[in-house]
Amino acid sequence: MQPQTTSRQPTGPSLVPSALRRLPLLPRRPPLARGVSMNELLRFQALMAGEGQTVQLARMCYDRPYAFDCIACAHASANDPLRRLALQLFKAYEQDEGHRQLLA
């Protein structure tokens, strides 16, 4: 006796709302600063948390205004390691932006 194979077809309504199914796929964007490691971003997040500030890592990678706002806030801090890291991140983001302009 051979096992029966059945194809599973959804019988109920779709779990994805129709409005979402019609949305076009967005193009993938490279991260803002490819020279910045996840360890540096995690350290930045932890140091900012020590200052009472929340940092969203995904937005630091893809949202340029948000990233620069966070970096500016960190640079204004009295925490010296945080200020140094903010300067390092700023340089990496600026260097990557210069590279992007050359490619455009």
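Among contacts between residues at least 6 apart in sequence, 62% join residues at least 24 apart, a contact being heavy atoms within 4.5 Å. This is a predicted model, in which local features need pLDDT of at least 70 and side-chain atom pairs count only at pLDDT 80 or more, while totals for chains, interfaces and linings use all residues. Residues are numbered from 1 along each chain as its sequence is written, and side-chain values use heavy atoms, with hydrogens and water left out.

**Whole chain.** Show the cartoon: there are 5 helices and 0 strands, in the order α-α-α-α-α. Helices (H or I, at least four residues) and strands (E, at least two) are DSSP runs, numbered from the N terminus. Switch to the surface: the accessible area is about 8,200 Å², with 57% belonging to carbon and sulfur atoms (Shrake-Rupley method, 1.4 Å probe; for residues, only the protein chains shown count as cover). Of the 104 residues, 25% are buried; buried means under 20% relative accessible area, exposed over 50%, and partly exposed in between (1.4 Å probe, protein chains only).

**The core.** Select Leu 41, Phe 44, Val 55, Met 60, Leu 89 and Tyr 93. Of the 22 residues in the largest nonpolar core, these touch the most other members. Such a core is a set of buried Ala, Val, Leu, Ile, Met, Phe, Trp, Tyr and Cys residues joined through side-chain atoms within 4.5 Å. Helix 2 (38–50), helix 3 (57–62), helix 4 and helix 5 each supply at least two of its residues. Centre on Phe 44 next: leaving aside neighbours within four places in sequence, its contacts include Val 55, Met 60, Ile 71 and Leu 89.

**The rings.** Now select Phe 68, Phe 90 and Tyr 93, which ring pairs link into a cluster. Rings of Phe, Tyr and Trp (its six-membered ring) pair if their centres lie within 6.5 Å; planes under 30 degrees apart count as stacked, over 60 as edge-to-face and the rest as tilted. The count comes to 2 aromatic pairs. Phe 68 and Phe 90 are edge-to-face, 5.6 Å centre to centre with 75 degrees between the planes. Phe 68 lies in helix 4 (residues 64–75) and Phe 90 in helix 5 (residues 80–103), so this pair ties together parts 22 residues apart in sequence. Phe 68 is buried at 17% relative accessible area, while Phe 90 is partly exposed at 36%. Phe 68 and Tyr 93 are also edge-to-face, at 5.8 Å and 65 degrees. Tyr 93 is buried, at 1%.

**The loop.** Move to Ser 77, in the loop between helix 4 and helix 5. Ser 77 is buried at 11% relative accessibility, and its side chain makes a polar contact with that of Glu 51 (3.3 Å). A polar contact is a pair of N or O atoms within 3.5 Å; within protein, one must be able to donate a hydrogen and the other to accept it, and residues adjacent in sequence count only if both atoms are side-chain atoms.

**Salt bridges.** The structure holds 4 salt bridges, each a side-chain nitrogen of Lys or Arg within 4 Å of a carboxyl oxygen of Asp or Glu. Select Glu 94 and Arg 64, which meet at 3.3 Å, N to O. Glu 94 lies in helix 5 and Arg 64 in helix 4, so the pair ties together parts 30 residues apart in sequence. Finish at Arg 83 and Asp 80, bridged at 2.9 Å. Both lie in helix 5, 3 residues apart, about one turn of the helix. Salt bridges that share partners join Asp 80, Arg 83 and Arg 84 into one network.
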